[in-house]
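Subject: Structure handover

Hello,

Here is the structure I said I would pass on. Please open it alongside this email, as the notes below follow it piece by piece.

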Amino acid sequence: MTSVDTVPFKSIYNPDARTKRRNAAERRFRFYGMTAIFIGLMSLVILLSSVLSSGLAAFNQAFVEFDVQLTESALDKSGQRDLEEMKKVSTVGYGNVIQKALLEALNRAGIETGGLSDREIFDLVSKEAPATLRNMVLADPNLVGQTIKFKTYANGRVDGYFKGRVTMDSAKLDSNISPEQLELADRMRAAGMMYEGFNWGFFFGPDASDLRPEAAGLGIAFLGSMYMMMIVLVLAVPIGVAASIYLEEFAPKNWFTDLIEVNISNLAAVPSIVFGILGLAVFINFAGLPQSASLVGGLVLTLMTIPTIIIATRAALRAVPPSIRDAALGVGASKMQSIFHHVLPLAAPGILTGTIIGLAQALGETAPLLLIGMVSFVRSFPSAPPEGFFEPAAALPVQVFNWTQRGDPAFVERASGAIIVLLVFLIVMNLVAIILRRRFERRW
């Protein structure tokens with residue numbers, strides 16, 4: 001018989017070898033978890049820092065402002081203010097008016113041009129300026145004969161010089177700008193003719209050609225994304241929620257419904273570019289719908305979003321306790337009444353969250369839209385719905401892709417700025433999902 005004195009003494013204050021190994025494993029696991037969180041946060045910080053450092057400059061733009069005399073002899077020789085006659089004056093004629101006014105403004109301000117030719121001086125102004133002035137005059141023909149304060153973009157190279165992207169050394173090797181022109185831009189800036197300001201045109205203006213990156217905007221991409229989200233909201237949400245309610249609450253449990261559930265899960269995991277191929281084959285080649293149209297983009301994104309909404313909605317319905325259904329049926333409610341009066345209100349927070357997250361995912365998709373032609377250059381704004389659904393448009397993520405493919409560094413800057421705008425949209429949509437979820441949870 002073993003004596004009590006020979007039994008080794010154990011205490012929680014003196015852990016044995018097994019306890020030490022277990023505590024060490026727990027510390028290692030916590031270290032791995034903290035390391036993973038740290039790596040994730042650092043990656044996010046690096047990503048956001050990179051995007052913000054290169055994209056915030058897109059919201060600031062260099063402008064030129066000076067007086068322009070809209071002479072009747074140059075813009076309306078008939079003097080009748082007939083729009084059809086005035087439209088015959090091309091942007092070349094308006095460019096001559098702007099060039100003359102710019103030279104006169106420099107002379108009045110006493111700014112030394114440094115021996116630059118008239119054309120080199122005019123090149124400091126964006127090539128978008130003649131079209132801008134022409135649109136102003138055609139919109140209000142009574143401006144002819146007046147002297148107006150004309151504000152327009154500075155050349156993209158000048159804008160890059162003010163932002164530090166272009167230097168005197170790089171200008172020596174650049175065929176689009178010279179150091180002498182940049183020195184003139186400095187003198188104009190000192191005289192107040194050039195200045196930097198917030199670029200509202202970046203949000204509301206259309207895309208621009210490679211020759212005028214300073215005028216490129218997100219206006220058409222905004223409208224295109226909004227039109228597509230309208231289509232997705234109208235089609236994907238009712239179809240996805242209705243299919244979820246039927247599969248979860250009414251459909252019999254057999255091999256056919258199991259097959260449907262498996263295929264829904266598979267569709268949610270299919271790469272998005274496959275939906276683009278499907279949209280190209282069905283909606284464009286077979287149905288004959290126009291390429292680059294918001295309608296085709298919305299239909300493709302609808303197909304891609306429906307599985308996500310179905311999965312999220314079914315998960316929300318399963319989270320409702322079965323006792324709710326049993327209690328409703330026990331007091332005499334029908335199957336339909338128990339679902340729509342009791343189950344759906346309780347599942348509404350999860351359904352709304354899944355729906356908004358699905359819409360946010362669709363908003364950021366690029367690959368399927370590239371295959372249906374939405375990468376094409378679109379200069380004209382689409383009309384109001386429903387006609388606008390069938391007209392060419394762009395989308396925010398596609399616009400980002402389009403700008404990154406262009407050679408001018410100013411487009412890369414604008415691509416980063418568009419990414420910031422897209423991230424803000426996604427953050428807002430996720431905040432809306434959180435707010436709606438909390439509101440309905442407090443109600444119930």
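To start with one stretch of the chain: residues 31-52 are 100% helix and 0% strand, and their end C-alpha atoms lie 31 Å apart. Please keep in mind that this is a predicted model. The stretch is one of those that the UniProt annotation, from an unreviewed entry, calls "transmembrane region". The other stretches under that annotation are 220-247, 267-289, 295-317, 343-364 and 415-436. For residues 295-317, the model again gives 100% helix and 0% strand, with 31 Å between the end C-alpha atoms.

Next, a pair of helices. Two packed helices are described by the angle between their axes and the distance between the axes. Helix H4 (residues 91-109) and helix H6 (residues 129-139) have axes that come within 8 Å and cross at roughly 100 degrees. Angles of 65 to 115 degrees count as roughly perpendicular, so H4 is roughly perpendicular to H6. On the H4 side, the contact is made by Thr91, Tyr94, Gly95 and Ile98. H6 brings Ala129, Pro130, Ala131, Leu133, Arg134 and Val137 to the contact. By type, the residues of this contact divide into seven nonpolar, two polar and one charged.

H9 has 13 residues and reaches 19 Å from its first C-alpha to its last, close to the 18 Å expected at 1.5 Å a residue. Which residues of H9 are buried? They are Pro179, Gln181, Leu182, Leu184, Ala185 and Met188. After H9 comes Gly192, with a positive phi near 90 degrees.

A few backbone details deserve a look. Most residues other than glycine have a negative phi, and most peptide bonds are trans. Arg81 is not a glycine, yet its phi is positive, at about 55 degrees. Arg81 sits in the loop between helix H2 (72-75) and helix H3 (83-86). With a relative accessibility of 26%, Arg81 counts as partly exposed. Ser292, also not a glycine, has a positive phi of about 65 degrees. The loop that holds Ser292 runs between H13 and helix H14 (294-318). Is Ser292 buried or exposed? Its relative accessible area is 6%, so Ser292 is buried.

The peptide bond between Pro385 and Pro386 is cis, with omega about 0 degrees. Pro386 is in the loop between helix H17 (367-371) and helix H18 (396-404).

Two more residues complete the notes. Ser272 lies in helix H13 (residues 272-286). Buried means under 20% relative accessible area, so Ser272, at 17%, counts as buried. Leaving aside residues up to four places away in sequence, Ser272 touches Met304, Glu365, Ala367 and Pro368.

Gly407 is found in the loop between H18 and helix H19 (409-443), and is exposed, with a relative accessible area of 73%. How far apart are Gly407 and Asp210 in sequence and in space? They are 197 residues apart in sequence and 8.1 Å apart in space, C-alpha to C-alpha.

Best wishes

Key. Residues numbered from 1 in each chain as written. Predicted model: local features only at pLDDT ≥ 70, side-chain atom pairs only at ≥ 80, totals over all residues. Heavy atoms only, no water. Axes fitted to C-alpha atoms, helices over the stretch in contact; angles between N-to-C directions. Helix = DSSP H or I, 4+ residues; strand = E, 2+ residues; numbered from the N terminus. Parallel < 35°, antiparallel > 145°, perpendicular 65-115°, else oblique. Contact = heavy atoms within 4.5 Å. Nonpolar A, V, L, I, M, F, W, Y, C, P; charged D, E, K, R; others polar. Expected span 1.5 Å × (residues − 1). Buried < 20%, exposed > 50% of the residue type's maximum accessible area, 1.4 Å probe, protein only. UniProt positions renumbered as here; feature names shortened; annotations may be inferred.
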